[in-house]
Amino acid sequence: MTAPAAGTGPSRAVADDGDVAGLGKARAMAFLAPALLLISLFLVFPALWTLYLGLTNYRLSGSAAKNPQFVGIDNYINALSDDRFFNSLGLTLIFVFGSAVIGQSALGFAIAWTMTRVRKSVRAVVEFFVLLAWIIPSSVTTFLWYALLDRSDGTLNAMLSTGNTAWLLDYPLQSIIVFNTWVGTAFSMLLFSSALASVPPSQLESARMVGAGAWAQFRDVVFPHIRGHVLTNTLLITLWTFNTFTPYLLTAGGPDDRSNILPIFIYRLALNDGALGQGSAISLIMIIINLVIATVYLRLLKERKS
Amino acid sequence: MTAVTGSKRTAQGESRQMLGHFLGLMGKSVFTALVLAFFVIPVLWLVFAPFDAHPGLNVKLPEFTFNNFKILFENPTAIASLGNSLILALGSMVVVLVLGSLASYSLSRVKIPGRDLLLYTLLLLSSIITGTAAMVPTFLLMVKLGLIDSQFGVILVLSGGILPTVIFILKDFMDSTPKSYEESARLYGAKPLRILWDVVIPLARPGLATIAVWAVVQVWGNFLVPYILLRSPSKSPASVVMYTFYTEGGQPNLALISAFSLLFSIPVVAMYFVVNRRYGFRFHGGIKS
């Protein structure tokens with residue numbers, strides 16, 4: 001390599017920096033500013049404001065709407081001594097565990113695993129329909145399930161000959177768990193099928209040669225390869241399921257709060273009943289739970305990269 | 001003698017293997033059939049009811065008619081709501097594409113101090129401040145800004161929510177576009193904005209298309225944000241208006257809802273599969289989260 005001429009020195013340094021268009025720091029900041037402004041105003045500011053609102057008795061209407069008072073941690077104390085909050089938290093845990101951790105993960109893996117052993121055409125058909133449930137807008141999917149589970153005319157009762165079972169009234173939590181599994185399995189299926197594709201066939205072959213059964217093959221060959229994916233998948237779908245508002249369209253949290261998961265609880269408390277301060281306090285609890293899940297996830301991502 | 005037992009054993013082993021194979025095949029088929037039933041049966045209503053002269057809530061082969069679509073096209077609220085969904089989806093798409101490509105380009109080419117931290121923070125924020133967790137302060141903010149019942153307000157909120165992910169994915173695309181073209185464009189005296197528009201954007205087109213589709217899919221089906229921020233039905237998108245279609249008797253208007261649901265679903269389903277085939281983003285994180 002010949003020594004660069006003196007005049008090209010600075011520009012080479014810039015190019016090494018990757019700044020090939022000669023953007024410069026100032027202009028780069030200017031390019032970045034509009035996006036950051038939008039994000040700060042409509043994403044970051046609301047979250048920070050929740051901190052403050054949660055400490056006030058802000059209401060949607062009435063005197064507390066004009067002159068909200070600072071009430072300190074009263075909202076948090078109220079929330080933590082409110083049976084409805086704990087009922088909601090408990091339902092949310094069951095909902096997330098049932099539909100994300102068990103439902104979507106297990107079903108998604110089982111489908112991905114089975115689809116490696118069937119004809120290509122079968123696989124294409126199955127994947128198409130699993131994906132369809134994920135892509136159809138949520139307002140439509142909830143109506144489809146409303147029709148399916150209807151008491152007098154629903155297809156499910158006709159198929160199972162279960163008479164006039166009102167699924168959404170008698171089994172509201174189970175209904176939204178099955179519904180959310182149906183909607184979200186596609187993600188786990190896609191993630192696990194790309195993970196399974198990365199398992200070297202030669203290793204499976206040799207495991208089979210020494211007579212390992214299906215379970216042994218899974219435990220000793222497949223699982224070590226996909227362990228990272230299992231964690232990623234669990235964390236992501238836990239986060240999404242924890243934050244989904246869609247079941248509102250199916251049961252609206254009822255009957256008698258029996259499917260009142262946290263997002264629906266906050267909506268009804270803050271925007272229906274107008275208790276904005278209370279609602280903010282619970283929102284903050286939700287954001288903190290999100291933060292814990294997301295931090296674990298990002299740490300895992302970083303570890304895998306390095 | 002030993003030879004006989006040996007061959008007997010192999011025969012036994014073989015039949016056991018065949019039995020195992022048979023059971024495996026059975027299990028595989030039964031499982032596949034159950035999975036198909038679980039995912040197909042709820043969707044059947046969407047396939048049959050729109051073309052049924054007397055649609056009910058149950059799934060049945062239709063008495064074929066296009067009349068439900070006639071009912072739909074004669075309903076101004078329904079048609080307007082699809083237009084509103086389009087406005088929200090395209091509006092947000094334009095905002096995130098413009099702001100996202102400017103931001104990701106500068107982040108990709110210039111080492112701004114604290115860049116990695118910024119990207120990390122953006123990703124973290126967008127995953128923890130979700131529409132549901134931030135609905136109360138967002139609602140209040142829009143009240144204060146006078147943006148309640150404004151489609152522009154909904155576009156801003158939705159764009160702010162998905163922009164961090166957009167920047168994150170687009171930066172990856174920008175990082176992988178070749179830089180030599182920009183260098184030569186610069187030698188010919190092109191200004192950075194011109195280089196971005198004429199050189200970088202065309203190169204990053206697959207990435208931009210992915211993002212465009214992703215943004216549209218996200219916004220098209222979104223229920224919560226327009227539900228809490230819009231008041232007048234004439235401004236509301238299809239996802240919200242769908243739940244107001246009742247007959248005078250208080251029953252869901254199934255003729256209208258079925259045709260409407262189909263028309264509302266087709267664009268995103270078609271887009272997803274077309275782009276999926278063309279650019280093969282079989283797995284791009286949570287294309288729809």
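Trainee: Which helix of chain B is included in what covers the buried residues of α7(B)?

Mentor: One of the elements in that cover is α8 of chain B, residues 192-203. Keep in mind that we are looking at a predicted model.

Trainee: Which residues of helix α7 of chain B are the buried ones?

Mentor: Helix α7 spans residues 180-187 of chain B, and its buried residues are E182(B), A185(B) and R186(B).

Trainee: What makes a residue count as buried?

Mentor: The cut-off is 20 or more other C-beta atoms within 10 Å of its own. E182(B), A185(B) and R186(B) are listed as buried, so each of them meets that cut-off.

Trainee: How do you know that the buried residues of α7(B) line one face of the helix?

Mentor: Look down the helix axis: the buried residues of α7(B) fall within an arc of 100 degrees, so they line one face. There is a general idea behind this: an α-helix has 3.6 residues a turn, so residues three or four places apart point the same way.

Trainee: Which residue with a positive phi follows α7(B)?

Mentor: That is G189(B), with a phi near 90 degrees.

Trainee: Let's step back to the whole chain. How many helices and strands does chain B have?

Mentor: Chain B has 12 helices and zero strands.

Trainee: Why is chain B called more spread out than a compact globule?

Mentor: Set the value against the rule: for 289 residues the globule rule gives 19 Å, and the radius of gyration of chain B is 27 Å, well over that, so chain B is more spread out than a compact globule. Its C-alpha trace spans about 90 × 65 × 35 Å along the principal axes. As for burial, 44% of the 289 residues of chain B count as buried.

Trainee: Which domains does the assignment give for chain B?

Mentor: The assignment gives domain 1, residues 2-51, and domain 2, residues 77-279. The centres of these two domains are 44 Å apart, taken over C-alpha atoms.

Trainee: How many residues of chain B are in contact with chain A?

Mentor: 82 residues of chain B are in contact with 82 residues of chain A. On the chain B side, helix α1, residues 2-48, gives the most, with 13 residues. That side of chain B divides into 54 nonpolar, 19 polar and nine charged residues.

Trainee: What is the mean pLDDT of chain B?

Mentor: The mean is 86, and 91% of the residues of chain B reach 70 or more. Over residues 281-289 of chain B, however, the pLDDT is below 50, and beyond near neighbours in sequence this stretch has 17 contacts in the model. Where pLDDT is low, the predicted coordinates should not be read in detail.

Trainee: And what ipTM and pTM does the model score?

Mentor: The scores are ipTM 0.86 and pTM 0.87.

Note on methods:
Residues are numbered from 1 along each chain as its sequence is written. Chains are lettered from A and ligands numbered from 1 in the order in which they are written. This is a predicted model: local features need pLDDT of at least 70, side-chain atom pairs count only at pLDDT 80 or more; totals for chains, interfaces and linings use all residues. Domain bounds come from an automatic or database domain assignment. Helices (H or I, at least four residues) and strands (E, at least two) are DSSP runs, numbered from the N terminus. The radius of gyration is taken over C-alpha atoms; the globule rule is 2.2 Å times the number of residues to the power 0.38. A residue is buried if 20 or more other C-beta atoms lie within 10 Å of its own, exposed if 12 or fewer, and partly exposed in between; C-beta atoms are placed from the backbone. Two residues are in contact if their C-beta atoms, placed from the backbone, lie within 7 Å. Ala, Val, Leu, Ile, Met, Phe, Trp, Tyr, Cys and Pro count as nonpolar, Asp, Glu, Lys and Arg as charged, and the others, Gly among them, as polar. pLDDT is the predictor's confidence in each residue, from 0 to 100. The arc is that of the directions from the helix axis to the C-beta atoms.
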